[in-house]
Amino acid sequence: MTTPAEPVLDQLGGQIFEQLDAATHDRSSGLHTPVLGTADGDLRIMVLRHVDPDRRCLRFHTDIRSPKVSQIERERSVGLLFYDRKAKLQLRCRGVARIEQEGAKAEEGWRGSDNFARRCYLAPQPPSSIADAPTSNLPPDVEGRRPDDARVEEGRRNFAVLLVRLDEIDWFHLDQNGHRRARLRWNEDGQVESCWIAP
Ligand SMILES: Cc1cc2nc3c(=O)[nH]c(=O)nc-3n(C[C@H](O)[C@H](O)[C@H](O)COP(=O)(O)O)c2cc1C
C-alpha cells in the first residue's frame, strides 16, 4: 500500500480555489452546493456559480427580495461550509459578503444563466412569503416550461449576485491513516498566513 503524499501548506490555497472553480461546472461535486450562514444564525444551501481566485471572491445568485439579502445588508460577515464526500474534504470559511444588482458581475451572472434558472426570478411573491397552499411561486405561463428570452427578462429586476470575499479557510482532509487540517487566513494586505492545526 502506498502512502499518499503529504499536502504542501504553501500550495493549499491555490488547490482549494482550483477545486472550488471546478465545482462551479460540476453539479455532482459536494463543493457545488455549500451552506451559507449569516450573522443572524440562519443557514441555507446555495449553488456556487463563479470563483475569482485572485480576489478570493465567490459568486452566488439570489432573489433580491429574499430575507438573506436584507440580513447581509445589515451584517456582512458570513460563513460558508463545504463538504465534498468524494474528495473527503471539509472547508469551513469566513468572509465578507455584498449584494450587487447592477454592474458587470450581476450582468455576467444574469446573461450566463439559462432561461430555466432565470425563470425563478419571475416569482410573484418574495421568497419565504407565507402562502395559502403548496406553491411553486411561479407564474402559470412558465410553470413546467422554459420561458423565452423576452418573458424571462421581466425577472431581471429581482435578480442579484451575492459576492463573498473569503478571509479565512479551515481545510480538513479526512484520511483513515490520520486526518490533516490547516488554517489559511488573509490579512488586510491580502497576504496569506497559513498553519497546520490539529484535526
Ligand atoms: C440544492 C439547493 C440549491 C439552492 N440554491 C440556491 C441559490 O443558488 N440561491 C438561492 O437564493 N437559494 C438557493 N436555494 C434555496 C435556499 O436554500 C433558500 O431556501 C432560499 O434562498 C431562501 O433563503 P432565505 O430565506 O435565507 O433568503 C437552494 C436550495 C437547495 C436545496
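**Notebook: salt bridges and nonpolar cores**

I began with R111, which is partly exposed at a relative accessible area of 47%; by the cut-offs used, buried means under 20% relative accessible area, exposed over 50%, and partly exposed in between (1.4 Å probe, protein chains only). The model is predicted, so I note its limits: local features need pLDDT of at least 70, side-chain atom pairs count only at pLDDT 80 or more, and totals for chains, interfaces and linings use all residues. Residues are numbered from 1 along each chain as its sequence is written, and side-chain values use heavy atoms, with hydrogens and water left out.

**Salt bridges**

I looked up the partner of R111 and found E153, in a salt bridge at 3.1 Å from N to O. The term stands for a side-chain nitrogen of Lys or Arg within 4 Å of a carboxyl oxygen of Asp or Glu. R111 is in helix α3 (residues 104-111) and E153 in the loop between α5 (149-152) and β7 (159-173), so the pair ties together parts that are 42 residues apart in sequence. Helices (H or I, at least four residues) and strands (E, at least two) are DSSP runs, numbered from the N terminus. E153 is partly exposed, at 31% relative accessibility.

I then checked D167, whose side chain meets that of R165 in a salt bridge (2.8 Å, N to O). Shared partners join E107, R111, E153 and R156 into one network of salt bridges.

I also checked D63, which pairs with R65, the closest N and O atoms being 2.8 Å apart. D63 is buried at 6% relative accessible area, while R65 is partly exposed at 26%. My search of the whole structure gave 16 salt bridges.

**Nonpolar cores**

A core here is a set of buried Ala, Val, Leu, Ile, Met, Phe, Trp, Tyr and Cys residues joined through side-chain atoms within 4.5 Å. I found 32 residues in the largest one, where L20, L58, L80, F82, L91 and L162 touch the most other members. Elements giving two or more residues to this core include α1 (9-24), β4 (57-63) and β8 (180-186).

I listed the contacts (heavy atoms within 4.5 Å) of L162: leaving out residues up to four places away in sequence, L162 touches L36, M46, L58, R59, F60, I72, A97, R98 and I99. A second, separate core has seven residues, among them A106, Y121, F159 and V161.

**Record**

I looked up UniProt, where an unreviewed entry places "domain: Pyridoxamine 5'-phosphate oxidase Alr4036 family FMN-binding" at residues 42-99. In the model, the span 42-99 is 14% helix and 55% strand, with its end C-alpha atoms 17 Å apart.

Note on methods
UniProt positions are given in the numbering used here, feature names are shortened, and annotations may be inferred rather than shown by experiment.
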